[in-house]
Amino acid sequence: MKFQEINRWKFAFFTLLGMVILLFIIAIIAFNRLFPSIEETEWSISQNEGNAVFTIQTTRDDLNQFLATMIEQMPEENVPYEVTIEEQHIQFNSSLSLLGNNVPMEVYLQPEVHDNGDLILQVNSFSLGIFQIPSQQILQLAKNYVELPEWVHIHPSDNRVHLNVNEMDNPYGAVIAFTKFDLLQDEIELEVRIK
């Protein structure tokens, strides 16, 4: 009698284990089908020259305040998000609606100034809720489905977001170029060239 009881528990355990493994395999297959394959992209950066040049120096706190004001002025139908410039990285926070629940999303970016003044953001990590997700797949998804300004270029294969600030629309016809973006020293500097 005791031997049969042990076999029932053993059978129940292995049945439960098999169901968990099966659900895990189904989740992996669904995940692979949900996210698109990564495209290789080529990109180039253009050089711009201007006449009058103005240099603007700012700090992380001032730039954070400016970004918060700009985000508040965006149309309400846009997905709410927050950009914070920290001491070692730029943090992008938002949320996605998955299965009727809002899931927090965090992206950590490392800024780098290109020779022509564009800002290159290297994606260090990406998390969706408690899960770390490969940033290349998320960037490919964003490139395919998110409507971004023309001056924002996503390069999933390089884990980069290229902000071509030279192409930003502004009412004065000015060309903007970053000359320094040092988070540790809290020194952010850009030039504004008037054509």
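Modeller: Rings of Phe, Tyr and Trp (its six-membered ring) form an aromatic pair if their centres lie within 6.5 Å, and planes under 30 degrees apart count as stacked, over 60 as edge-to-face and the rest as tilted. This is a predicted model, in which local features need pLDDT of at least 70 and side-chain atom pairs count only at pLDDT 80 or more, while totals for chains, interfaces and linings use all residues. Residues are numbered from 1 along each chain as its sequence is written, and side-chain values use heavy atoms, with hydrogens and water left out.

Colleague: What is the arrangement of the rings of Phe-178 and Phe-181?

Modeller: The structure holds 1 aromatic pair. The ring centres of Phe-178 and Phe-181 are 5.5 Å apart and their planes stand at 65°, so the arrangement is edge-to-face.

Colleague: Is Phe-181 buried or exposed?

Modeller: Buried means under 20% relative accessible area, exposed means over 50%, and partly exposed lies in between (1.4 Å probe, protein chains only). Phe-181 has 10% relative accessibility, and therefore counts as buried.

Colleague: Which residue forms a salt bridge with Glu-187?

Modeller: Glu-187 is partly exposed, with a relative accessible area of 35%. With closest N and O atoms 2.8 Å apart, the partner of Glu-187 is Lys-180.

Colleague: How far apart are the closest N and O atoms of Glu-191 and Arg-193?

Modeller: Both Glu-191 and Arg-193 are buried. They form a salt bridge, and their closest N and O atoms are separated by 3.3 Å.

Colleague: Which residues are in contact with Asn-164, leaving aside its neighbours within four places in sequence?

Modeller: Asn-164 sits in the loop between β8 (160-163) and β9, and at 3% relative accessibility Asn-164 counts as buried. Contact means heavy atoms within 4.5 Å. Leaving aside neighbours within four places in sequence, the residues in contact with Asn-164 are Asp-118, Trp-151 and His-153.

Conventions: Salt bridge = Lys/Arg side-chain N within 4 Å of Asp/Glu carboxyl O. Helix = DSSP H or I, 4+ residues; strand = E, 2+ residues; numbered from the N terminus.
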